[in-house]
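Biologist: I have the sequence and the model open side by side. Can you walk me through them, one question at a time?

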Amino acid sequence: MTTEKEHQEMVEQARRPMKEYYAQHKACPKCGSLLHSSTYAGFVQPPDTNKVRCECGWEGITDDLKPENWKHRMNSRYPVDESDC
Ligand SMILES: [Zn+2]
């Protein structure tokens, strides 16, 4: 038996990892644009395989997306692979 309050806590607990998941999966892996999955509504479990299309031409699924500002972070904090040319 679950009370209404317990049920709400369960819902919140189920949502929290999804929020973190989407925080890590919101930018195009090619150009860095922020994209939004059209289906962030119910209880989708990771990985989110909904299709996403970016205006740069990249197409993939939500699970392929990168965290916001991933390009910026990569440039400022981590050196780019120096053997890359
Ligand atoms: Zn893009």
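**Walking the chain**

Modeller: Start with serine 33, which sits in the loop between H1 and strand E1 (51–53). Keep in mind that this is a predicted model.

Biologist: Is serine 33 buried or exposed?
Modeller: Count the C-beta atoms around serine 33: 12 others lie within 10 Å. The cut-off for this class is 12 or fewer. So serine 33 is exposed.

Biologist: Which residues is serine 33 in contact with, leaving aside its neighbours within four places in sequence?
Modeller: Contact here needs C-beta atoms within 7 Å. Leaving aside those neighbours within four places, serine 33 has contacts with Ala27, Cys28, Cys54, Glu55 and Cys56.

Biologist: What separates the C-alpha atoms of serine 33 and lysine 71?
Modeller: Along the chain, serine 33 and lysine 71 are 38 residues apart.

Biologist: Which residues make up the largest nonpolar core?
Modeller: Members must be buried, with 20 or more other C-beta atoms within 10 Å. Of the 85 residues of the chain, 9% count as buried. Cysteine 28 belongs to the core and is in contact with Leu35 and Leu65, among others. The five residues are Ala27, Cys28, Leu35, Val52 and Leu65.

Biologist: In what order do the elements of the chain run?
Modeller: The chain has two helices and two strands. Read from the N terminus on, the order is α-β-β-α.

Biologist: How many residues of H1 are buried?
Modeller: Helix H1 covers residues 4–23, 20 residues in total. Its first and last C-alpha atoms are 28 Å apart, close to the 28 Å expected at 1.5 Å a residue. H1 lies largely in the open, because its number of buried residues is zero.

Biologist: Is glycine 60 buried or partly exposed?
Modeller: Glycine 60 is in strand E2. Its C-alpha atom is separated by 9.4 Å from that of proline 29, 31 residues away along the chain. Around glycine 60, 16 other C-beta atoms lie within 10 Å, so the residue is partly exposed.

Biologist: What is the phi of asparagine 69?
Modeller: Asparagine 69 is in the loop between strand E2 (59–61) and helix H2 (70–77). It counts as partly exposed because it has 14 C-beta neighbours inside 10 Å. Its phi is positive, in a residue other than glycine, and is near 65°.

Biologist: Where in the chain is confidence lowest?
Modeller: The chain averages a pLDDT of 80, and 73% of the residues score at least 70. Confidence is highest in E2, at a mean of 93. At the other end, with a mean of 63, is H2.

Note on methods: Residues are numbered from 1 along each chain as its sequence is written. This is a predicted model: local features need pLDDT of at least 70, side-chain atom pairs count only at pLDDT 80 or more; totals for chains, interfaces and linings use all residues. Helices (H or I, at least four residues) and strands (E, at least two) are DSSP runs, numbered from the N terminus. A nonpolar core is a set of buried Ala, Val, Leu, Ile, Met, Phe, Trp, Tyr and Cys residues joined through C-beta atoms within 7 Å. Two residues are in contact if their C-beta atoms, placed from the backbone, lie within 7 Å. The expected span of a helix is 1.5 Å times one less than its number of residues. pLDDT is the predictor's confidence in each residue, from 0 to 100.
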